[in-house]
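Hi,

Here is the structure you are taking over. Please open it alongside this message, as my notes follow directly below.

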Amino acid sequence: DIAHAMGFTEVGQNSAKAVEVVLKSIKDLNKRLGIPPNIKALGAKPEDFEALAENAMKDACGLTNPHQPTKEEVIQLFRQAYEQQP
């Protein structure tokens with residue numbers, strides 16, 4: 001549905017192809033906009049993950065999330081996002 005809404009009608013009903021073209025489109029857009037590929041490029045350091053997680057846990061926006069992550073889950077997300085490549 002998302003691929004079709006974005007104009008990628010060529011994917012037809014092929015879910016795998018739809019995911020592929022949508023992800024590529026988002027990654028290309030991020031690159032054109034200059035959005036860094038990971039949090040390492042933003043200057044984040046692994047030794048800061050605990051403090052970053054503590055601050056993230058205080059964010060009022062998190063109250064509307066269907067899953068309330070633990071501090072360890074947030075730290076793990078930071079680890080995964082640290083050197084992620086597009």
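Partly exposed here means a relative accessible area between the buried limit, under 20%, and the exposed limit, over 50%. Glu20, at 49%, is therefore partly exposed. One caution before the rest: this is a predicted model.

**Salt bridges**

The count comes to four. Glu20 is in one of them, paired with Lys17 at 3.7 Å, N to O. The two sit three residues apart in helix H2, so about one helical turn separates them. Lys17 is partly exposed at 35%.

Helix H2 holds another pair, Asp28 and Lys24, four residues apart and again about one turn of the helix. Their side chains meet at 2.8 Å, N to O. Asp28 is partly exposed, with a relative accessible area of 31%. Lys24 is exposed at 52%.

Which bridge ties together parts from two helices? That is Lys71 in helix H4 with Glu54 in helix H3, 17 residues apart in sequence. Their closest N and O atoms are 2.8 Å apart. Both are partly exposed: Lys71 at 27%, Glu54 at 36%. Shared partners join Glu50, Glu54 and Lys71 into one network.

**Cores**

The largest nonpolar core has seven residues: Ile39, Ala44, Phe49, Ala53, Val74, Ile75 and Tyr82. H4 gives the most, with three residues. Leaving aside residues up to four places away in sequence, Ile39 touches Ala44, Phe49, Phe78, Ala81 and Tyr82. There is also a second, separate core of six residues, among them Val11, Ala18, Val21 and Val22.

**Aromatic rings**

There are two aromatic pairs. In one, the ring centres of Phe49 and Tyr82 lie 5.7 Å apart and the planes meet at 70°, so the pair is edge-to-face. It links distant parts of the chain, with Phe49 in helix H3 and Tyr82 in helix H4, 33 residues apart. Are these two residues buried or exposed? Phe49 is buried at 4% relative accessibility, and Tyr82 is buried at 15%.

**Surface**

Ile2, Met6, Val19, Leu23 and Ile26 make a nonpolar surface patch of about 450 Å². Helix H2 (residues 15-33) gives the most to this patch, with three residues. Val19 lies in that helix.

Best wishes

Notes:
Residues numbered from 1 in each chain as written. Predicted model: local features only at pLDDT ≥ 70, side-chain atom pairs only at ≥ 80, totals over all residues. Heavy atoms only, no water. Core = buried A, V, L, I, M, F, W, Y, C linked by side-chain atoms within 4.5 Å. Buried < 20%, exposed > 50% of the residue type's maximum accessible area, 1.4 Å probe, protein only. Contact = heavy atoms within 4.5 Å. Phe/Tyr/Trp six-rings, centres within 6.5 Å; stacked < 30°, edge-to-face > 60°. Patch = residues over 30% accessible without salt bridge, like charges linked within 9 Å, V, L, I, M, F, W, Y side chains within 5 Å. Areas by Shrake-Rupley, 256 points an atom, 1.4 Å probe, with all protein chains shown as cover.
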